[in-house]
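Student: Hi, could you walk me through this one? I'd like to ask a few quick things as we look.

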Amino acid sequence: MGEEQVVREIGHDEYDPKGTLALIGVYFVILLVMWVFMYFVEFLGNELTVV
Amino acid sequence: MNIHNYEKIWLMAAILLIVGFISTVTYGATAVGVDMISDDGGTVNASALDEDPRFSEPRVEQVGENEYEAYVIAQQFIFRPDPITVPANSTVTFFVTSPDVIHGFEIVGTNANAMVVPGQVTELTVEFNEPGEYGLLCHEYCGAGHHTMEGSVVVQPQDEFTQGGDE
Amino acid sequence: MMSEALETGTPSFMDRFPQEAAVVRASLISSFIALFLGAVFGLIQALHRTDVFRFLDSQYYYTVLTAHGVLMVVSFTIFFLVGVFTWATVRSLDRPLVDIRYTWAWYGLMAIGTLMAVVAILGGFIPSTDISADVLFTFYAPMQAHPLFYGGLAIFIIGTWLAGADYFRAWYAWKQEHPDERIPLQTFMVLTTMLMWYIATIGVAIAVVVFLLPWSLGLLDSVNPLLTRTLFWFWGHPVVYFWLMPAYLLWYTVLPSISGGRLFSDPLARVVFVLFLLLSTPVGIHHQYVDPGIAEGFKMIAMTNTMFLLLPSLLTAFTVVASMEHGARQRGGTGLFGWLRALPWRNPAFTGMALAGLMFAAGGFSGMVNAGMNINYLVHNTIWVPGHFHLTVGTAVALTFMAATYWLWPQVTNKPIFSRPIALAQVVLWFVGMALMSNAMHVMGLFGVPRRTAEPQYQGFDFVASFGSITELRMQLALGGTLLFLSTILFVSNIALSTGSPRMSGLGKPLSEPLSPAADSPKVLDNLTLWFGIAMVLVVLAYILPLASIITDSGIVDPGVRPVPMLVDAANGLGPISAVTDAASRVVAAVVGVVP
């Protein structure tokens, strides 16, 4: 099992989750682009405007 | 409370995202003018639709220049009238109700998409441009024959359009 | 394979709390039976609606769909929940439950309720009886099911209420022994989730006990369909979080340990669960954006609440990934993304949960679209919606539960999992199957293909695909559904075969402590009365006016609306029992034809 393979202890103050920040930044950009596409292209560009 | 700086950055980004979503929807509702279905359609006696001035005769009628009203009944497992015929370049307000169970009202592949609840009247205004034909389907399970419940919306060129019920 | 675990020799949950372990086992087994049956029905649906293989008359599709929905999202999820919550409460309080007979009583009520509802649903397959409940998971009136269905649902929910009270009793007893301590994190998560559940179930309890059950018994002539529908969704959205919270509990408290690290922040985990308690319920009207009889303003309020409900999930994404990254770096991982390689990808419990989390990120996006008020016109009641919730409840929840089982099961049975390689293949297969099925569903939804329909192939029109083709997407859906079914079979048989593993001791797995402990957070976070009070106020604010306006406009009951019992037409098509034998003989003939 994986739990036992700790090669170094990292405490709270010495840990900056920079990989997490990078990953979640990528997610943020994907969300933004997809939202704009869904709302303005798929929805507002779709046939029959409801007024 | 001990919150890491990165987490604060993400918290701000997340709030920004949420506010952005709400703003987009508000823009659609105001600047673009997409109205939601609301309680404007009023209520109706579901067991006496044949005595109701709006639904005794399902039909499309003209109410102004290029403005029409369509009174539609969704019931197990048909739409009335079928087809629903409307003129091109018009604004049509659909009033839809049901005498039996809950149904759906979806003009296929478009944004005209609503629920139909017995006792309630769904009011939905749609702009039609080009002539053509759309499918109409029920998208809420309504019984053993639900999958056969379909109809059509025919958009006729304005000069060919004849008014009235199509039953 | 399990040798390291043996060497650590930590006493397992079963060693320490054998009576509670028996309840956890019973709950999990009930959950897996529901999962297996639900998967059988799911496969029938995937093949039927795509027209790949149809052996039942289409009217029975809706019986199949009702069974799939109820078994998966009521029985599978909630039985698993009470199993995990019982384990988490006892483990984190480190004390047994107050009275195990009481514990078995609520389990018994839940089991009886489930059996009643399942009998009513399966009655739909036997046209000669008048028992049927072909009303789907949402049971919208005036479609009417047999009283057994509503009665079973009510008893099941009472069982869950008593389960919640059991956790509160255990916590209360613990508090007497530990007056000045913070609530242990897992117990905190259990209690806030149960408080949310008490608020949420007010809606469905009124709908079922006050209206639908008396109405199905003939004591009430009519109901107001918009009112019962609104009460349903009062419960129908927070129930989503009831499914999700045990998965969150596992992500926050188990996943960091199996990643080799520690939870990044205990205080933020508490904040997240408080936010769910506050915001889960006053949002249900977002399921009714295109309903008549509800003013636009109320829909706008529901949307605002729903959008802010994204916050705790987005915060969770950060905290959980950061905890995994902590594990990876402790295991020697380096670089901006290179640490991902240092994660224990060979461990099925880890890989399953990580893939579940990844799919939740995608499901989160389609959920954001569903939450957007007017964009709902684009997707409402199309197959996009089941595409969405198969990513959330169908993967984020279900795959996390299965993955966690590989970790938890040995600790409540003292028997190792039969095969870890099969377990690893199983979680990956689920991910692949769901990626195919859900992608096809989302895309077809955008072309207007409806959900909940036996034959989404119409006489008068065709769906127009702006990219790909409808046939191709149908095949993708059917293939994905088949892989998911195979994955379920692998899971269920792996667990069943594990009962044959030799019994051993020392299978316990300790959980690591958070990097930032509870002591870093303000004590007010643990004031459950305060949060419950605020949550109630928010619910009243969100619902009092819409409900009052529905009742003013169309009455507590609407005399114009007559009940429509959902009974199948026996004269129409092949009965299901002969259809099954007929299908079996056709499958056998096909196999014999291929294999000479």
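Student: Is the crossing of H3(C) past H16(C) left-handed or right-handed?

Tutor: The crossing of H3(C) past H16(C) is left-handed. Keep in mind that this is a predicted model.

Student: What are the angle and the axis distance for H3 and H16 of chain C?

Tutor: Helix H3 of chain C covers residues 18-49 and helix H16 of chain C covers residues 384-413; they pack at an angle of about 145°, and their axes are 10 Å apart.

Student: And which residues make the contact?

Tutor: From H3(C) the list includes C:Ala21, C:Val24, C:Leu28 and C:Phe32. H16(C) brings, among them, C:Met402, C:Leu408, C:Trp409 and C:Val412. By class, the contact of these two helices has 10 nonpolar, 2 polar and 1 charged residues.

Student: Let's switch to the chains. How much area is buried between chain B and chain C?

Tutor: About 5600 Å² is buried between chain B and chain C, and carbon and sulfur atoms give 67% of that. The contact takes 62 residues from chain B and 76 residues from chain C. On the chain B side, B:Met36, B:Tyr141 and B:His147 lose the most area to chain C, together 14% of what that side buries.

Student: What about chain B with chain A: how much area is buried there?

Tutor: Between chain B and chain A the buried area is about 2500 Å², with 70% from carbon and sulfur atoms. Here 27 residues of chain B meet 21 residues of chain A. In chain B, the residues that lose the most area to chain A are B:Tyr6, B:Trp10 and B:Asn111, together 26% of what that side buries.

Student: Last topic, the backbone. Which peptide bonds are cis?

Tutor: One is the bond from B:Gln76 to B:Phe77, with omega near -10°. B:Phe77 sits in the loop between strands E2 (67-75) and E3 (78-80) of chain B. Another cis bond runs from B:Asp82 to B:Pro83, with omega near 0°. B:Pro83 lies in the loop between E3 and strand E4 (84-87) of chain B.

Student: What is phi for A:Leu48?

Tutor: Phi of A:Leu48 is near 60°, a positive value in a residue other than glycine. For context, most residues other than glycine have a negative phi.

Student: Where is A:Leu48?

Tutor: A:Leu48 is in the loop between H1 and strand E1 (49-50) of chain A.

Conventions:
Residues numbered from 1 in each chain as written. Chains lettered and ligands numbered in written order. Predicted model: local features only at pLDDT ≥ 70, side-chain atom pairs only at ≥ 80, totals over all residues. Heavy atoms only, no water. Axes fitted to C-alpha atoms, helices over the stretch in contact; angles between N-to-C directions. Helix = DSSP H or I, 4+ residues; strand = E, 2+ residues; numbered from the N terminus. Left-handed = near helix turned anticlockwise from the far one by under 90°. Contact = heavy atoms within 4.5 Å. Nonpolar A, V, L, I, M, F, W, Y, C, P; charged D, E, K, R; others polar. Buried area = accessible area lost by both parts, 1.4 Å probe.
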